[in-house]
Amino acid sequence: MTHAATVHSLWTTAAAAPDKIPSPDIEYGQLSPTLIVLGAAIVGVLIEAFLPRRQRYAAQLFVSVVALAAAFAAVIGLAAGDYGTSKARVAAMGAIAVDGPALFLQGTILLVALVAVFTFAERRLDPVAHGNRVDSFAAQAAAVPGGDAEKAAVKAGFTTTEVFPLVLFAVGGMLVFPSANDLLTLFVALEVFSLPLYVLCALARRHRMLSQEAAVKYFLLGAFSSAFLLFGIALLYGYAGTVTYAGIADVVDGQVRNVTPALAGTMSNDALLLIGGAMVLMGLLFKIGAVPFHMWTPDVYQGAPTPVTGFMAAATKVAAFGALLRLLYVVLPGLRWDWRPVMWGVAIVTMLGGAIVAVTQTDVKRLLAYSSIAHAGFILAGVIATTPEGISSVLFYLAAYSFVTLGAFAVVTLVRDAGGEATHLSKWAGLGRRSPLVAAVFAVFLLAFAGIPLTSGFAGKFAVFKAAADGGAGALVVIGVISSAIAAFFYIRVIVLMFFSEPRTDGPSVAVPSPLTSSAIAIGVAVTLVLGVAPQYFLDLASQAGVFVR
């Protein structure tokens with residue numbers, strides 16, 4: 001039979017049996033949180049295109065807040081419908097898992113994003129420019145810093161309201177990332193939330209060159225990490241002949257029923273599996289900011305607009321740790337003996353590296369950046385536990401940590417001098433005498449970072465270290481406690497500087513925020529104290545949500 005005849009016969013068979021092509025089966029209800037957020041992001045783009053400039057800010061803020069609240073309600077609805085426990089399943093033709101960890105992390109990301117949007121919308125901190133209230137973002141993002149176009153945009157009172165749809169797109173990607181159930185969905189979700197973040201980092205109103213430098217560093221290093229991830233996905237696909245998590249796990253465990261000759265050839269090739277798994281891990285560890293993939297963190301946190309830094313520091317960690325947990329616990333549990341020693345090393349270097357380098361920092365945002373690296377190490381201790389308690393302790397720690405971080409960065413936006421935010425530590429001297437309330441709130445967040453009892457940081461650290469110790473990683477806990485002690489030194493140092501130093505005469509003033517930032521900080525304090533004083537309900541919630549669907 002000639003080639004043309006073969007093709008023709010294929011066509012006729014396909015035409016004769018039209019029911020052979022399966023139509024996709026999408027469970028819209030179970031994907032509703034993500035769909036609501038992405039739908040609202042598209043509405044935000046349309047608002048930018050069609051509404052007059054004066055009305056955009058209010059419309060964007062309304063759409064963002066309503067969408068995030070509705071998506072959170074959808075997550076609660078799914079959890080109440082037992083989709084986190086007995087009805088946990090794989091939706092969207094195997095691409096997305098709807099289970100306890102996914103719903104818990106999605107709920108956390110949506111709440112964090114909702115609070116972050118309040119800080120994005122803040123317009124009372126900068127002095128009024130040419131009769132217009134302005135926010136933390138560039139007047140016109142496309143204008144060259146310091147050029148005529150920028151001056152004209154500032155004079156006209158423009159503001160970049162595109163930040164709201166960008167945040168929604170980033171949140172949409174973050175919701176898919178920890179619930180992705182195959183490697184291609186994981187990669188697409190990574191790009192969907194990374195690209196808006198690269199843009200957001202470049203949009204600071206003050207210090208625009210620093211902001212753009214931060215965005216370029218983040219973009220270049222992020223592109224590297226995405227490439228590693230994609231190469232790892234290719235190798236894992238070459239090893240297992242599938243990109244679905246369950247399919248790869250079955251090949252790793254040797255539980256495949258129909259082994260084709262091609263699969264038999266690659267299944268025995270452990271190099272593909274180990275190098276591929278390591279590369280995918282590298283891509284995820286970059287997003288977490290673990291040493292040695294942390295180089296971007298301090299520069300980007302310092303250069304990005306502070307509301308963006310707070311959102312990134314909180315939400316990206318939640319999404320990335322969710323994806324890391326699913327990868328290690330669902331895809332590679334059969335490789336536990338291979339990845340645990342490596343993760344031990346990464347966790348130790350991350351805890352000690354973040355804590356020791358933070359001691360030398362003189363800028364508040366860089367200090368919080370190194371502190372976030374140390375916290376990534378603490379959370380990795382829970383990941384290494386490889387027990388159900390490990391999962392639930394990591395979920396709890398992420399929820400507790402994200403609100404402390406958001407609150408801390410929201411406080412940083414309030415301390416200002418003529419050049420904008422006063423982030424140099426020397427300028428914070430004596431802040432407790434100038435503005436006792438702001439200094440006290442910041443002290444609460446610092447104590448939570450340090451893990452002092454009666455704060456959420458203590459409950460989270462205790463849960464993670466206990467899970468690690470029960471999982472046989474006692475030595476790791478000892479190093480974690482030493483790192484916590486080093487970290488406590490520089491947190492307490494800032495508190496001493498604020499309350500026991502003489503205020504400088506040329507020191508910064510504390511701006512009075514609108515109810516938006518005030519409520520963001522208040523929510524941060526409330527969550528910090530509630531999770532510290534009465535953590536049991538939330539620990540139980542996390543342990544109920546700690547079972548992955550296979």
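This is a predicted model: local features need pLDDT of at least 70, side-chain atom pairs count only at pLDDT 80 or more; totals for chains, interfaces and linings use all residues.
## Salt bridges overall

The model holds 10 salt bridges. Side chains of opposite charge can pair when their charged atoms come close.

## Arg56 and Glu48

Arg56 and Glu48 are joined through their side chains by a salt bridge, with an N to O distance of 3.5 Å. Arg56 has a relative accessibility of 14% and is therefore buried, since the cut-off for that class is under 20%. Glu48, at 12%, is also buried.

## Arg326 and Asp99

A salt bridge connects Arg326 with Asp99, and their closest N and O atoms lie 2.9 Å apart. This pair links distant parts of the chain, as 227 residues separate the two positions. Arg326 belongs to helix H13, which spans residues 306–331. Asp99 sits in the loop between strand S2 (96–98) and helix H4 (100–120).

Arg326 is buried because its relative accessibility is 1%. Asp99 is buried as well, with a relative accessible area of 0%.

The side chains of Asp299 and Arg366 form a salt bridge with an N to O distance of 3.0 Å. The two residues are 67 residues apart and link distant parts of the chain. Asp299 is found in helix H12 (residues 296–303), and Arg366 in helix H15 (residues 364–384).

The two residues fall into separate accessibility classes: Asp299 counts as partly exposed at 23% relative accessibility, whereas Arg366 is buried with a relative accessible area of 18%.

## Val464

Val464 is part of helix H19, which covers residues 456–470. Its relative accessibility is 0%, so Val464 counts as buried.

Apart from its neighbours within four places in sequence, Val464 is in contact with Phe378, Ala381, Gly382, Ser393 and Tyr397. Ala41 provides a reference point elsewhere in the chain: its C-alpha atom is separated from that of Val464 by 35 Å, and the two residues are 423 residues apart along the chain.

Terms used. Residues are numbered from 1 along each chain as its sequence is written. Side-chain values use heavy atoms; hydrogens and water are left out. A salt bridge is a side-chain nitrogen of Lys or Arg within 4 Å of a carboxyl oxygen of Asp or Glu. Buried means under 20% relative accessible area, exposed over 50%, partly exposed in between (1.4 Å probe, protein chains only). Helices (H or I, at least four residues) and strands (E, at least two) are DSSP runs, numbered from the N terminus. Contact means heavy atoms within 4.5 Å.
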